[in-house]
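Here are my notes for you to read with the model open beside them. Take the points in order and look for each one on screen as you go.

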Amino acid sequence: MTKNKLAALTARSLKVREHIIRMTAGGGCFIGASLSCVELMVYLYSELLNIDADDLQNPARDYLFLSKGHDVPALYGTLAELGFIETSRLQQHLQAADSIYWHPNRNIPGVEFHSGSLGHLPAVAAGVALDCKLKDQPNQVMVITGDGELNEGSVWESLLVANAYQLNNLTIIVDRNQFQANIRTEELIPLEPLADKFAAFGCAVRTIDGHDLDQLEATFKTLPFSDNKVNVIIANTVRGKGLPSIEARADRWFCAFNDNEILQLLEELHGNKEAFIESESLTVR
Amino acid sequence: MNYEELLVQTASADERFVVMTAENRALVRSAPKLLGKRFIDTGITEQTMIGMAAGLALRGRIPVVHALAPFLTMRAYEFIRTDVGIAHLPVKLSGYIPGFLSDGNGPTHQAIEDVAIMRGIPGMEVFCPADEDDLVRMLPAIWQSAAPSYVRINHKPGAYTHTDFEKGKAEIISEGSDVTILTYGFLFGQALEAKQLLEKEGLSVGLVNMRSLKPVDEACIIRCAANSKLVVTIEDHFQTGGLYSIVAETLVNQPHKATIFPMALKERWFKPGLLSEVLAFEGFTPNAIAATILKQL
């Protein structure tokens, strides 16, 4: 990746994180799981996916499905930065006048499908990918799943079927932030060796640093990884990435902050270590 | 024409159709050869089949999906509700061997709550053909509709030639002042014979094939409850949530003179066996139906 591009995407990622922090106001959001997939969203929408904000129904477009729907602030922040939606709409988070709530829905331009119940969109995306194959169209179909989401048997069931149909136009991206809702994945339902599990289900697997834009480009540019296998990219990430007071803390899954705390977090995002929130008074669900 | 012939003919003429199954091929044996890649067998994966059907529908396809009724409607229920229902996608669910038609399989295979749970999904339409003739008459309208639908497949030949189908309209076989039987699905044939037995007793007997349970013909239900002394609902379904519930929901805020009596399965699964054995044991033969109704008059 060129220096200029890297700088631009890094700056965009920072902007998206600012949007996510602001969406913790007035009711809160799933901040940790949103912050872990920012580089993935920014890279995919900025550099890889063939999606035109002015022609969202074009059947030749690429598709991104957010299966771990609670990370939708990262998507909305990205869509706002790229002009799919007005940035001002993000201030309507949780207001009945708009449809910006805790899980994605198709009232928001750029959202391909609703989610929230985990383990659904690998199958829905497989249906889209199969149709692209039936029509000999070159669309890429991507799904972002959580790692906790991999507890759901439906994920693995759909991988069996998608590989039976040799859907190498389908890519499952695992936001491997190491956490379920409340606890580390390896402490509750261990997933490792995760790459081996996907390989055993017939997938072509790559494991990368999900915050490293160079690695993202180097990996995604080589898709498809094979002629006949579903692609899986395990993106190792940090839940709460960018905010030391949120990072990798089990109790900071869903947070609602007041205006002062949001200002502190924005400071912290920009490197002010004194802004670190030690307080245990944060609203955590 | 039977179900399979109509399905293959419809799909052959219209590229939007795909035929899917979770490895239940009883109704679609010829589809792989005739439809090629538009026949999609996902294996024993009801959830994945429904999710994929939603994805295919997002791309403009009309998936007609097949599985045994209990596994289709219950194993995959949340996928139907969430992926098909919320998005209101034209996915056409064909549930095989619903109700008593699962005969000797046992309770795991008994779909006798399917009407209740499928009609609980906003926008989902529910149809219950009396026999093969009724089934084939209703499918074209169902498959061409933009709505998601569940059809309680009954492909058994019947003794009655039905009238043309109209969504939301019941088929009125006869009107009667003493008793009117409201029924749907496989038990229509038993009810038709029971009607003849009751008429031999000198009674004025109405019989209605409800066939379209959602949308339902409310005007017909209200009229029957106004014109008959007794209305009997007959269904191979739990008493909760099926036709008896629909009739109750329809009449509760309507003046009506009729007493409403349900013949359905009450809080238990039915005794498995040959279909004729099931009907006899559970009291749904024509003679048993007639005797039950006579006791209510």
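1. What distance separates the centres of domain 1 of chain B and domain 2 of chain B? Taken over C-alpha atoms, it comes to 26 Å. Keep in mind as you look that this is a predicted model. Domain 1 of chain B covers 3-152, and domain 2 covers 171-296.

2. Now look at where those two domains meet. Domain 1 of chain B puts 24 residues into the contact, and domain 2 of chain B puts in 26 residues. On the domain 1 side, the elements that supply two or more residues are α6 (114-119), β5 (125-127) and α7 (132-144) of chain B.

3. Next, chain B as a whole. Its secondary structure comes to 12 helices and 12 strands. The C-alpha atoms fill a box of roughly 60 × 40 × 35 Å along the principal axes. Does that go with a compact or an extended chain, and what does the radius of gyration say? For 297 residues, a compact globule would have a radius of gyration near 19 Å, and chain B has 19 Å, which agrees.

4. Buried residues account for 53% of the 297 residues in chain B. Among contacts in chain B with a separation of 6 or more, 78% come from residues 24 or more positions apart.

5. Chain B also has a partner. In this contact, 21 residues of chain B meet 17 residues of chain A. On the chain B side, α3 (46-58) and α5 (77-85) are the elements that give two or more residues. The most comes from α3(B), with nine residues.

6. Which residues touch the most other members of the largest nonpolar core? That core has 172 residues, and the ones in question are A:Met41, A:Phe65, A:Ala125, A:Ala126, A:Val232, B:Ala53 and B:Leu213. Helix α5 (residues 121-134) of chain A gives the most to this core, with nine residues. Domain 1 (3-152) and domain 2 (171-296) of chain B both give residues to it, so the core lies between them. As background, nonpolar side chains tend to be buried together in soluble globular proteins.

7. Zoom in on A:Ala125. Leaving aside neighbours within four places in sequence, A:Ala125 is in contact with A:Tyr63, A:Phe65, A:Val141, A:Val143, A:Leu170 and, over in the other chain, B:Gly55.

8. Helix α10 (residues 243-251) of chain B is worth a stop too. Its buried residues include B:Leu243, B:Tyr244, B:Ser245, B:Ile246 and B:Val247. What do the buried residues of α10(B) pack against? They meet β8 (179-183), β10 (212-214), α9 (218-227), β11 (230-238) and β12 (259-265) of chain B.

9. Finish with B:Phe238, which lies in strand β11 of chain B. Is B:Phe238 buried or exposed? It is buried, because 21 other C-beta atoms lie within 10 Å and the cut-off is 20 or more. B:Phe238 and B:Ile112 are 126 residues apart along the chain, yet their C-alpha atoms are separated by 5.6 Å. Neighbours within four places aside, B:Phe238 is in contact with B:Ile112, B:Glu113, B:Ala116, B:Ala264 and B:Leu265.

Methods: Residues are numbered from 1 along each chain as its sequence is written. Chains are lettered from A and ligands numbered from 1 in the order in which they are written. This is a predicted model: local features need pLDDT of at least 70, side-chain atom pairs count only at pLDDT 80 or more; totals for chains, interfaces and linings use all residues. Domain bounds come from an automatic or database domain assignment. Two residues are in contact if their C-beta atoms, placed from the backbone, lie within 7 Å. Helices (H or I, at least four residues) and strands (E, at least two) are DSSP runs, numbered from the N terminus. The radius of gyration is taken over C-alpha atoms; the globule rule is 2.2 Å times the number of residues to the power 0.38. A residue is buried if 20 or more other C-beta atoms lie within 10 Å of its own, exposed if 12 or fewer, and partly exposed in between; C-beta atoms are placed from the backbone. A nonpolar core is a set of buried Ala, Val, Leu, Ile, Met, Phe, Trp, Tyr and Cys residues joined through C-beta atoms within 7 Å.
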